[in-house]
Amino acid sequence: MLNQKFLTAASVSLAFGLLTSSRSEAAVIDLGSLGGYSFAIGISGDGSVIVGESYNGTRNHAFAVTYDKAAGTLSAMVDLGSLGGDSTARGVSGDGSVIVGDSGTNSTTHPFAVTFDKASKTSSAFVDLDLLNSNIYWSFAYAVSADGTVIVGSGSNAFAVTFDKSTGASSAMVDLGSLGGALYASIAKGVSGDGSVIVGESYNGATYRAVATQFNKADNTVGKMIDLGSPSDDSQRSRANAVSADGSVIVGYFSANSLTRAFAVTFDKVTGASSAMVDLGSLGGGFDYTYANAVSADGSVIVGVSYNYDEDARAFAVKFNKATNTPDTMVYLGSLVSDSYDSMAHGVSGDGSVIVGQSYNGTVNHAVLWVDVFTDPYMVDATEWMQSIRGPSGILPIVTSLTSLPMEGAHHRPLMTLDAMGKTSQAWVTGDFGARSRTSDSHTTTGEAGVSHTFGNVLAGLAVGYGAQNNDLLFDGASHVSGQYLLAEIDAKLSDNQGIVSLTAMFGSWKSDTLRGYGIQNGLTDYSQGSTNLNSASVRLRFDGPSHKLVGGPFVTPFASFTWTRVAAEAYAETGGSFDAQFDAQEHQSREVRLGLSSKFLLSDKTTLLATAEWIHRFDKNESGFSGTDIDHNALPFDVAGAAITANQARLGLDVDHKLTPNTMLNFSVHAAGVGPSADVSGALSIRRAF
């Protein structure tokens, strides 16, 4: 269930209507083949018989597969044969007992009907439905009514045939005519459950239009062919591909403004009145060319295919409310190969729970079915949606760690503890490096140049630097943060010349670029890109006490520090992806104390080794959360709580100070830390020149 803050009272129904339908747990099931490629074109209303075409090693033949949804079992593909050459099954009756399609050779193609016994997996011989016009050599049967009595298709025009499955007898073909009254000007693609509404396409003298035709199977008479129009322009092309079993919803596609979009129309089969065409939308992300191929018995589930400019194909399903003429958000159904977008949906069962089509399996296209797309939806949780940028990979924690690297790397000790080399001033160039792999996968680098001067018992230093952090995020996402900083330090020796008090401040200006990945249905991943500006301020107060000699051991120096850091990010909007977001401005303040011991060892007259051990405690137990809105889904708000922070962490370090010349020193340090906010491993290298 969604986080309580994620759903305001006014948006609960919107969340379930939009976020639920944008991702599904639908299973993708490979139906196999007769020996090569295959694709499923139709499914019976009860979901028990699936038909289509497959290569059997010699020819392309029509097939049937039985499916028991309750048991989750499929039969082997049944080769239905042909009229003598290739064959394709395109439609099937409500109970799976009548299958229609077309078959032929290179010289002629005839429509056929065949009866099928799903219990025994056997079929009758093909019934040749003949040709609509003896002057042409082809006709195709595209659909059959749910009761198996009316078969529709196209020859020289759209046609209808009545069929008696008990005897295998068929009537003569009935020419349904066309809007323009010419031959070769209409196609019948779908038929209602009782055969009374036939839908397709017809040429009106100027363009092709989606049409619905009333048909009386009792006397084989044809009613008026009704132009279903187009969304806005009479010159736009449209085609109806299917009609619901109850005749109330017609679906297809229209072309407008260089785009092709799926549509739905509500229809009154008694009066012939139809609503305006409703654009069903698209899957987005470039997949804007959509075709609706089939519709459930009551018109509530529509399926089809969406293409992008590269002609990659995605199967989709969308819920449709015929009472309000409104669609929900399209669902991408997925494919057999998770990184392939090649899938198409061609048919849907009467209750909308089983969808059939085809998908690329890594070698060829295979017939597939998707089960329970909407009956067991996956609710997108705000935390899961933002999982890849929650915790250490968030933009505020990243900048906090960027700030921490130089302050607790090259500047982890006061400047006053470095060898003055007999001078009062020093200049330095420093590089820091940090890596983390246990709580996140990141690499951080900083570089700076600085100068310091000693005034009696007080030292003041100033440096300018540049830092960057690269992060590998979940779902193959990535983050890059970079920017400039200014660092200032003042150290003062206490009156006993034993202790040192230091104050270090760092101010940074950063830019973040994030490619955020998130899971969508069927194991696939989507991405959204966002950029924003951030600023940071960090102040550390530190005390280094007098040295004490351990019994039988070296001198040790205790130290303690307290660091306050504030990081703030501007509001920003992502682009791309199916769930790009608008983020509100963010801010986080962290407070940290460090207690430790250091011990110095003189290795030679030029080289000194410093060993440190420290305990780190963060007072802020959680990162700050973040909020915003989902851009693509009517600005649905979200509010994600901050991830927990590891409060305690241990860190060990070694420093080597080596004089290259009397006035030049090389400083090298390395640190290793336990699990926590500080880098797992970090190092710093400095060249210092006294003058």
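Student: Which elements each supply at least two residues of the lining of the second largest pocket?
Tutor: The model is predicted: local features need pLDDT of at least 70 and side-chain atom pairs count only at pLDDT 80 or more, while totals for chains, interfaces and linings use all residues. Residues are numbered from 1 along each chain as its sequence is written, and side-chain values use heavy atoms, leaving out hydrogens and water. Elements are DSSP runs numbered from the N terminus (helices H or I, at least four residues; strands E, at least two). At least two lining residues each come from β33, β34, β38, β40 (555-569), β43 (586-602) and β44 (607-618).

Student: How much space lies in the second largest pocket?
Tutor: A pocket is an open set of points on a 1 Å grid over the protein atoms alone where a 1.4 Å probe fits, with protein on both sides within 12 Å along at least five of seven lines; a cavity is a set from which the probe cannot get out, and lining residues have an atom within 4 Å of a point. Points are joined across faces, edges and corners, and a volume is the space filled by probe spheres set on them. The second largest pocket holds about 720 Å³.

Student: Which residues lining the second largest pocket are the closest to its centre?
Tutor: The lining divides into eleven nonpolar, 18 polar and eight charged residues (nonpolar: Ala, Val, Leu, Ile, Met, Phe, Trp, Tyr, Cys, Pro; charged: Asp, Glu, Lys, Arg; polar: the others, Gly among them). Of these 37 residues, the closest to the centre are Met416, Thr417, Leu418, Ile500 and Lys600.

Student: What is the volume of the largest cavity?
Tutor: The whole structure has five cavities of 30 Å³ or more. In the largest cavity, α3 (395-407), β33 (425-436) and β34 (441-455) each supply at least two lining residues. Its volume is about 170 Å³.

Student: Which element gives the largest share of the lining of the second largest cavity?
Tutor: The second largest cavity holds about 110 Å³. Its 15 lining residues include Ile389, Gly394, Gln586, Ser624 and Phe626, which lie nearest its centre. The largest share, three residues, comes from α3.
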